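Have the coordinates open as you read.

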Amino acid sequence: MPRRAPMPPPPPPVEIRSWPDREAMLADRAVVLGELVKMHVGPGRLGLLVMWAALVAIGWSLVGSALVMFEQASDFFSGIAGIVSLVIGAAVLIPAVAFVCLGISRDREVRSLLDAWGALDRDPERDRRLRMPGTSLTWLLLSFALGAVGLALCVIGPASARPGRETYGLVALVMGVGMVAWLTALIGATKALAHRRWVLRVLVGAGAGSGPGARPGPGGAGPAAAREPEAGRPPFVRTGGPGHR
């Protein structure tokens, strides 16, 4: 299994925040935000979510098949086959669910870092490529389609079951697969909408003090460079951010 990409650090505290100038800070901000956006809604994250969701569905299918075998078992070997299917299904299902939960927790950390780094300043030119409207729309459309399939399986499957023909295990299998699809769609839609809200709140809706109409400081570096350091604090001490060499 490939190693997880390391999480970028949060921006340094104000008292030790000391880029040489505003442009250096914006360069670091752009690099970190680019990595964070990829971690949140990049194509790789979409593929990873689909992979883990497929493993969860396979695991539950094996568990549901075991329940059907137990209900229809007519001899010793049918019971053994059900036990084997149950063990294999649990071995696939439990780790996949755990990794999905870890991914949700990691997404919360990524969103927190996106807010922190995005609040440093505005950079319309570099921020434009972070909006990724096509990627967000892809997440949303795929989530909608998957959610519709999952909802259909959860509702139509049990409603169409006939007593004496479909077993409880078969109904549980169909509903479980539908629930996996619906929950995966919910995760994907939440990520797409969260990214869109972040774009509108941080990249587009930031304060006017850093906008194009703001008065530049000495040397034209903008308001961040014009701000006087507080007493007793160094104006800039290089923090070694990811955009420097």
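Q: Which element has the lowest mean pLDDT, and which the highest?
A: This is a predicted model. The protein averages a pLDDT of 81, and 80% of the residues score at least 70. By element, the lowest mean, 40, belongs to helix 7 (residues 223-226), and the highest, 94, to helix 1 (residues 22-41).

Q: Are helix 1 and helix 6 roughly parallel or roughly antiparallel?
A: Their axes lie 10 Å apart, at an angle of about 160°. Angles over 145 degrees count as roughly antiparallel. Helix 1 and helix 6 are therefore roughly antiparallel.

Q: Which residues of helix 6 make the contact with helix 1?
A: Helix 1 brings Arg-29, Leu-33, Val-37, His-40 and Val-41. By class, the residues of this contact divide into six nonpolar, two polar and two charged. From helix 6 come Lys-191, Ala-194, His-195, Trp-198 and Leu-203.

Q: Are helix 3 and helix 6 roughly parallel or roughly antiparallel?
A: The axes of helix 3 (residues 76-118) and helix 6 (residues 168-204) come within 11 Å. They cross at roughly 5°. Angles under 35 degrees count as roughly parallel. Helix 3 and helix 6 are therefore roughly parallel.

Q: What is the handedness of the crossing of helix 2 and helix 5?
A: Helix 2 (residues 43-72) and helix 5 (residues 133-160) pack at about 15°, with axes 10 Å apart. That angle makes helix 2 roughly parallel to helix 5. Arg-45, Leu-46 and Leu-49 of helix 2 make the contact with Thr-138, Trp-139 and Leu-142 of helix 5. The crossing of helix 2 and helix 5 is right-handed.

Q: What is the phi of Met-132?
A: Met-132 lies in the loop between helix 4 (124-127) and helix 5. Most residues other than glycine have a negative phi. The phi of Met-132 is positive, near 50°.

Notes
Residues numbered from 1 in each chain as written. Predicted model: local features only at pLDDT ≥ 70, side-chain atom pairs only at ≥ 80, totals over all residues. Heavy atoms only, no water. Axes fitted to C-alpha atoms, helices over the stretch in contact; angles between N-to-C directions. Helix = DSSP H or I, 4+ residues; strand = E, 2+ residues; numbered from the N terminus. Parallel < 35°, antiparallel > 145°, perpendicular 65-115°, else oblique. Left-handed = near helix turned anticlockwise from the far one by under 90°. Contact = heavy atoms within 4.5 Å. pLDDT = per-residue confidence, 0-100. Nonpolar A, V, L, I, M, F, W, Y, C, P; charged D, E, K, R; others polar.
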